[in-house]
Amino acid sequence: MSCGPEADFARSCVPSITSSGHRAALLTDDGVRIEALHTPRTAPAGTPHEPAAAPAGALAIVLAHGFTGSLERPALRRAAVAFSQHVDVITFSFRGHGGSGGRSTVGDREVFDLAAAVRWARALGHRRVATVGFSMGGSVVLRQAAMYGRQGTDFGQREHGERTVARPDAVVAVSAPARWYYQGTAPMRRLHWVVTRPTGRLVSRLGLRTRIHPEDWDPVPLSPTEAVPLIAPAPLLLVHGDRDPYFPLDHPRMLLAAGDPATTELWIERGFGHAENAADDALLGRIGAWVAARTG
């Protein structure tokens, strides 16, 4: 890797990032090790590929999965393959999921996981990075963009030049909640039981391979609706299905109402269910085209 902002980032994270082919281990700002995967543009699925410096100005998409997902889950791999037909893709497993360390905080400290993945994309040479999140990952991309954006606070992180910061250039939230503690649907009541009860967390660990932190949020993090106004001037796309069994349509409409009208867009998808499991190649292709158009 040549000298410059990317090299500074790599040297500062020598103990934190280790690559083997197309995989890496990223260390978050709060000390959690996160597994990540780099899928180059047009690379056949499953082909090992050493991450290399991207062409100047090249776009990368960072995918943030839903609760109980991981970079190995078929739905996220399918999304990564669909997007990689056009751009490089970074996938990772949130803390407490897959091969990542730590325990899930169900959308709170996961912003640090996403920030590490965005910075890795910058270190690979991508000047433009978009974040695309599904369900819990949708709430994380909204909060991360707000907290690391121009109107938010970068938590005092060191910035090694424009190409290595964790700020996304465009944001897409698919099937995201608008507010915390929602239990208005049966799937969300079941999820709330899994997260808040010891027996539920045991079921999650053994049955869903997701390790959940037992402590309540303290303080309660910025809600997705509170985060949305802080994302501008970065373009924001909200995607939601009219058959979503988790979050009814008042959620995306609340998010849209909170956003900057000049930079925020909402797609209500007919017949679409929830998150990456329901997203077909046609929808993923349209999202990819939107990202490419908005990032110039």
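Predicted model: local features only at pLDDT ≥ 70, side-chain atom pairs only at ≥ 80, totals over all residues.
1. Main core. The largest nonpolar core holds 47 residues. Val 62, Phe 92, Leu 142 and Ile 231 have the most contacts inside it. Helix H3, residues 110-123, gives this core its largest share, nine residues. In soluble globular proteins, nonpolar side chains tend to be buried together.

2. Another core, of 29 residues, lies apart from the largest one. Among its residues are Leu 59, Val 132, Val 172 and Phe 272.

3. Helix H5. This helix spans residues 186-196, and its buried residues are Pro 187, Met 188, Val 194 and Val 195. Seen down the axis of H5, they fall within an arc of 115°, so they line one face of the helix. The cover over the buried residues of H5 includes helix H6, residues 198-207.

4. Thr 91. This residue sits in strand E5, residues 88-92. Is Thr 91 buried or exposed? Thr 91 counts as buried because its relative accessibility is 0%, and the cut-off for buried is under 20%. Not counting residues up to four places away in sequence, Thr 91 touches Glu 35, Ala 36, Leu 37, Leu 63, Leu 71, Leu 76, Arg 77 and Ala 80.

5. Thr 91 and Arg 23 are 68 residues apart along the chain. Their C-alpha atoms are separated by 9.7 Å.

Terms used: Residues numbered from 1 in each chain as written. Heavy atoms only, no water. Core = buried A, V, L, I, M, F, W, Y, C linked by side-chain atoms within 4.5 Å. Buried < 20%, exposed > 50% of the residue type's maximum accessible area, 1.4 Å probe, protein only. Helix = DSSP H or I, 4+ residues; strand = E, 2+ residues; numbered from the N terminus. Arc of directions from axis to C-beta. Contact = heavy atoms within 4.5 Å.
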